[in-house]
Amino acid sequence: MRRRAILGLATAALVLFGGVPGDGRGARAAGEVERANRDTVGIVSGSVHGTYARFAQDLSDALDAPGELRVVAMLGKGAVQNLADLLYLRNVDVAIVQSDVLRFLREDKVFPGLESKVRYAVRLYDEEVHILARPEIRSIKDLAGRRVNTGPKGSGTAMTAKILFDAEDIPIEPLNLSNSEALAALKAGSIAAAVFVVGKPATYFREIGGEHGLHFLPIELSKGLEETYLDAELRTADYPNLIPEGERVPTIAVGAVMAVYNWKPGTSRYDRVVRFVRRMLDSLPLLQTDAYHPKWRFVDPRATVPGWQRLEVVEQWLAGN
């Protein structure tokens, strides 16, 4: 049995490296592995139906170039987890997160020295806060004491929901269902509302009609929120099945940020991140065409993100463009 196991391992090695000791093919294959990883950047995004995931896919489609750059798009689990993945997972060099995550984690002191380890490449776009509620809920104040889904634990939605309800002094009974579970619970009437933080128009709401009486709640940019968020609105054109013609629902928005690990200059990881960022910036005219997500048209590489430090290579690119 032991002999068979050893032979099995040897066979696997021959398959992986394409040769036997001394024939040179193993070394060549090892070199190919090294080159493949040298050209690869991993970007962690969001859930499969969200805008983060679409952006990551767009980047993979637009930037991949054989022998120069390989962009691997990964699904993520929210802003907090994405930033943790950026810090600790071996194959993650880029993460799409909400701009308020850095403040949230700094205040909670979750990751010591966080500011020195991450930078931002660009502010991508603004994500709107959607609160989808049952027919009897007419304002955010009506949610006091009610069961409200605030997204999975550790997600950017859960983080923003906590900031929002704390700032408005509205005590809720928070739940941590997935988005699909939350929509089912809303239709069944077991929760009063659900919070979603996603760039509009979001596919989450495409299949919801008027038969359940669900609707978006208005959110005003109060004094407790204005230092962190922006004014925004949801329109009929965004969700014709949920917002009557000509009506608008005021809400707030948070910035989506492309964060990168602050690798030491001269290292291979630094070089590949720089290559990725420069190619992305040069490709913005392509990404802002109809072939890609409409939110790309809101990306302005000059836009700053309060509380974040920009990657130096972006400053250099801006100076030359």
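Over the ring of which residue does the charged end of lysine 295 sit? In this predicted model, the charged end of lysine 295 sits over the ring of phenylalanine 298, at 5.4 Å from the centre of that ring.

**View 1. Strand β3 is covered on both of its faces.**
In a regular strand the side chains alternate between the two faces of the sheet. In β3, Val94, Ile96 and Gln98 are buried on one side, and Ala95 and Val97 are buried on the other. Five of the five residues of this strand, which spans residues 94–98, are buried, so β3 is largely enclosed by the rest of the structure. Strand β1 (residues 40–44) runs parallel to β3 and is joined to it by two bridges, with valine 44 standing opposite alanine 95. With strand β10 (residues 248–261), β3 pairs in the antiparallel sense over five bridges, and here alanine 95 stands opposite alanine 259.

**View 2. Strand β4 pairs in the antiparallel sense with β10, with β7 and with β8.**
Strand β4 covers residues 118–133 and is mostly covered, since 15 of its 16 residues are buried. Nine bridges join β4 to β10, and among the paired residues arginine 119 has valine 260 of β10 as its bridge partner. Strand β7 (residues 193–198) is joined to β4 by six bridges, with glutamate 128 standing opposite valine 198. The pairing of β4 with strand β8 (residues 215–216) rests on two bridges, in which alanine 133 has histidine 215 as its partner.

**View 3. Aromatic pairs, of which the count comes to ten.**
The rings of phenylalanine 55 and tyrosine 125 have centres 4.8 Å apart and planes at 50°, so this pair is tilted. Phenylalanine 55 belongs to helix α3 (residues 51–63) and tyrosine 125 to strand β4, so the pair ties together parts that are 70 residues apart in sequence. Phenylalanine 55 is buried, with a relative accessible area of 0%, and tyrosine 125 also counts as buried, at 3% relative accessibility. Tyrosine 204 and phenylalanine 205 form an edge-to-face pair, with 6.1 Å from centre to centre and 75° between the planes. Of these two residues, tyrosine 204 is buried with a relative accessible area of 15%, and phenylalanine 205 counts as buried at 0%. Both belong to one aromatic cluster, which is formed by Phe196, Tyr204, Phe205, Phe216 and Tyr239.

**View 4. The largest nonpolar core has 35 residues.**
Within this core, the residues that touch the most other members are Leu59, Leu124, Met258, Phe276, Val277 and Trp296. At least two residues of the core are supplied by each of β1, α3, β3, β4, β10, α9 (268–282), α10 (284–287) and α11 (312–320). Leucine 59, with residues up to four places away in sequence not counted, touches Ile43, Asp64, Val71, Met258, Phe276, Met280, Leu287 and Trp296. A second, separate core contains 23 residues, including Ala79, Leu87, Val118 and Trp308.

**View 5. Valine 198 in strand β7.**
Valine 198 is buried, with a relative accessible area of 4%. Tyrosine 52 is 146 residues apart from valine 198 in sequence, whereas the C-alpha to C-alpha separation of the two in space is 8.4 Å. When neighbours within four places in sequence are left aside, the contacts of valine 198 are Gly50, Thr51, Glu127, Glu128, His130 and Tyr204.

**View 6. Aspartate 93 in the loop between α4 (79–88) and β3.**
Although it is found in a loop, aspartate 93 counts as buried, at 1% relative accessibility. A polar contact of 2.8 Å joins the side chain of aspartate 93 to the side chain of arginine 269. Apart from neighbours within four places in sequence, aspartate 93 is in contact with Thr40, Val41, Gly42, Leu86, Ala259, Val260, Tyr261, Trp263, Arg269, Arg272 and Val273.

Notes: Residues numbered from 1 in each chain as written. Predicted model: local features only at pLDDT ≥ 70, side-chain atom pairs only at ≥ 80, totals over all residues. Heavy atoms only, no water. Buried < 20%, exposed > 50% of the residue type's maximum accessible area, 1.4 Å probe, protein only. Helix = DSSP H or I, 4+ residues; strand = E, 2+ residues; numbered from the N terminus. Pairing = 2+ DSSP bridges. Phe/Tyr/Trp six-rings, centres within 6.5 Å; stacked < 30°, edge-to-face > 60°. Lys NZ or Arg CZ within 6 Å of the ring centre and 35° of its normal. Core = buried A, V, L, I, M, F, W, Y, C linked by side-chain atoms within 4.5 Å. Contact = heavy atoms within 4.5 Å. Polar contact = N/O pair within 3.5 Å; in protein donor to acceptor, adjacent residues only side chain to side chain.
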